[in-house]
Amino acid sequence: MEIKIALAGNPNSGKTTLFNNLTGSRQRVGNWPGVTVEKKEGPLKGTNDVTIQDLPGIYSLSPYSLEEVVSRNYLVNEKPDAILNIIDGTNIERNLYLTTQLLELGIPVVVAVNMIDLVERNGDKIDLNRLSQELGCPVMAVSALKGKGTKEVAAKAIEVAKKHQVAPIPEIYDKTVMSALSKIESELQMQIDDSMVRWYSVKVFERDERIDEFLKLTDEKKAKIEPIIKKVEEILDDDAESIITSQRYDYIGTIVQHSVKKKGSKHELSVSDKIDIIVTNRILALPIFILVMYVVYTIAMGGTSISIGTIGTDWANDVLFGEIVPNFFEGILTSLQVNDVLYGLIMDGIIGGVGAVLGFVPQILVLFLLLSIMEDVGYMSRVAFIMDRIFRRFGLSGKSFIPMLVATGCGVPGIMASRTIEQDRDRKMTIMTTGFIPCGAKMPIIGLFAGAVFGGSSLVATSAFVIGIAAVIISGIILKKFKAFAGEPAPFVMELPAYHLPSAGNVLRATWERGWSFIKRAGTVILLSSIILWFLQGFGFTDGQFGMVEDNNTSLLANIGNAIAWIFAPIGWVGDMAWKATVATFTGLIAKEEVVNTFGVLYNFSEVSEEGNEIWTLIAQDFTPIATYSFMIFNLLCAPCFAAMGAICREMNNTKWTMAAIGYMCLFAYVSALIVYQLVGLAVGEVAFNFWTIVALALLIGVIYLLFRPGYKPKSEALDLKGMQTAK
């Protein structure tokens, strides 16, 4: 008999860490809501018949977000054999709110008080036996990070599941509410399982629309139930949902008072609080964040002596893929006396193309390592809090920043993380703008051009991140003024975890998983496209005959590129670089790493000098600084890779909205590149005044108008304003 145990808990309670510990899985651990956007499962280590389900982190079973819907639907409809409720021992009051709801589901529950080591370090004491008596279910202490007590709590969950040991429903509500719930229960008795009648009655009392739809209550029953609810609201002078919430917290307060003893003053600041006074300060928070990101990019990608990533990339490009790998394969191919076509395919196509991408792996891994440390320490959750204040001013939900943070690793999970946003309009706008954030696949583009044209400047790398944020903010202001996106953004609620030393296991696991996905694509998609690119740039028609060409300017690829290069001439892609830049951009739709791979193939990257700087020199000859920035801006902001486009399609679930999102990103990228190339180029003397300069100026004026024009007001807001004016 298979036993299913569901892990349920608040975001950042250590739920996914416990899941990894129990199953040996490598699910990502993060410090913000939405990391687990769908339920995941795995077998309990050492067993064949026990499955652990990792549900999305939620604060309650009210369906305010898609993640709460996923968790609630699973618990209510699929009914696991037991629920393992993980609560953060350092913030026990907030976490017990979900616990009180889970106990009403009629499913065996085991409570795991996590981070018990931090509780003890703070000098606090939790009476687990008293807490167990108050809740009526087993309560055990664990430290998921250190693996303390995890086996025991899993064994207890299996035990209560086998015995179907359901805890008695806690006495949470006062007599007035209980009387109303009893009457509602009698109306629902024949429609639902007796074990869940309390939970359903509470939801009906709260006027939960989804439950009403599910139960399909008749008008006659609704007519009986509504007066019951209204009477309680009149007696207690509050709305039904607030009444339930208030009485839950009163019950929790009593439990905590009996079973938890806090050390020291209740108002005494912790070390985390003292740090947050500085890093979340209204004035200092953003400059500190920019400085931190500058240091991160300097260490990972800057051209300084402390740039560990650049040192590794220089070695990979100059030595590994500049000498060792090419010389090794050249020796083998020469000894085998292979023909010129096969030699060119392997040396120029595969090694040249894939090597151009893999050469940036050291920079990517260092960047991912630093970001993972920031996440594990707890700083990234502060960044979400900081950006919420900024984003809300521009019409975006603070939750929009969470997908964007995830997107720094890969755009696909970033787009999927938009499910945590409750309002449909905010979710769509987040999907349309998340692709602006530089993901790991775009880092090689930044690294290549920062090194080739700007001397490895870390300011260029940092500016790429700033450009992405600026594009998001500008888009937020512009889109929010249209009817489809108008309205107040959804509120952003999250708890800031205490700062702690990063776990080496978590950091290395997150770094490896992000890096491995990058390397995997180099060995699959990029390898295949490298072969296709090599063929297209190595063959063409000469004197009416098809065959290999020595000058790739006469190749099939050049012909294709030249045929469409005119589209990008206004943004500075002219001369010999025009078709190369055009082709690289289109291959970047396969995977953004393909941009660098394409240049590696076009410039025959495998045939480099001992210094390994030939590709940089050739790029510097073809690209001017302003044209380089134009190219970077367009490729950073335009439509993402095919995988991310597929994620957009899945999340939008609408062809028109999918096309609108991709079209908007491409249009925004082109307009941005045109304005920068024409106007900045004119200012620095690199571009002469021409027709497209006038167009760029007109577009800039248009963007400014869209930023400051009055936006669409939803009818409800318009009526409120009208009423206020009348009152005056």
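Author: Both faces of strand 4 are covered. On one side lie Ala82, Leu84, Ile86 and Asp88, and on the other Ile83, Asn85 and Ile87, all of them buried. In a regular strand the side chains alternate between the two faces of the sheet. Because 7 of the 7 residues of strand 4 are buried, the strand is largely enclosed by the rest of the structure. The model is a predicted one, and what follows should be read accordingly.

Strand 1 (residues 3-9) pairs with strand 4 (residues 82-88) in the parallel sense, over 5 bridges. Within this pairing, Ala82 of strand 4 is the bridge partner of Ile5, and Ile86 of strand 4 stands opposite Gly9. Strand 5 also pairs with strand 4 in the parallel sense, here over 6 bridges; Leu84, for example, has Val110 of strand 5 as its bridge partner. Strands of a sheet pair through backbone hydrogen bonds, either parallel or antiparallel.

These pairings belong to an open sheet of 6 strands, arranged in the order 2-3-1-4-5-7, with mixed pairing. Its edges are formed by strand 2 (40-43) and strand 7 (139-141), each of which pairs on one side only. On average, neighbouring strands of this sheet are turned by 25 degrees against each other, direction ignored.

Asp54 counts as buried because its relative accessibility is 0%. The side chain of Asp54 makes a polar contact with the side chain of Lys15, at 2.8 Å.

Beyond the sheet, the protein holds 33 helices and 10 strands. Of its 728 residues, 55% are buried. Among contacts between residues at least 6 apart in sequence, 73% join residues at least 24 apart.

The largest nonpolar core has 89 residues, of which Phe401, Phe449, Phe599, Phe623, Phe631 and Phe634 touch the most other members. Helix 31 (residues 655-683) supplies the largest share of this core, 12 residues. Phe631, leaving aside its neighbours within four places in sequence, is in contact with Phe449, Trp573, Ala581, Ala584, Thr585, Val595, Phe599 and Phe623. Another core, of 59 residues, lies apart from it and includes Ile107, Leu181, Ile184 and Ile225.

Strand 9 (residues 539-542) and strand 10 (residues 545-548) pair in the antiparallel sense over 4 bridges. Phe539 stands opposite Met548 in strand 10. The hairpin of these strands has 2 residues between them, and in it Asp543 takes a positive phi near 55 degrees. Most residues other than glycine have a negative phi.

Two loops between helices also contain residues with a positive phi. Asp237, in the loop between helix 10 (219-236) and helix 11 (240-259), has a positive phi of about 55 degrees although it is not a glycine. Asp237 counts as exposed because its relative accessibility is 68%. Gln337, in the loop between helix 14 (308-336) and helix 15 (340-358), has a positive phi near 55 degrees. Gln337 counts as exposed because its relative accessibility is 71%.

Key: Residues numbered from 1 in each chain as written. Predicted model: local features only at pLDDT ≥ 70, side-chain atom pairs only at ≥ 80, totals over all residues. Heavy atoms only, no water. Pairing = 2+ DSSP bridges. Axes fitted to C-alpha atoms, helices over the stretch in contact; angles between N-to-C directions. Buried < 20%, exposed > 50% of the residue type's maximum accessible area, 1.4 Å probe, protein only. Polar contact = N/O pair within 3.5 Å; in protein donor to acceptor, adjacent residues only side chain to side chain. Core = buried A, V, L, I, M, F, W, Y, C linked by side-chain atoms within 4.5 Å. Contact = heavy atoms within 4.5 Å.
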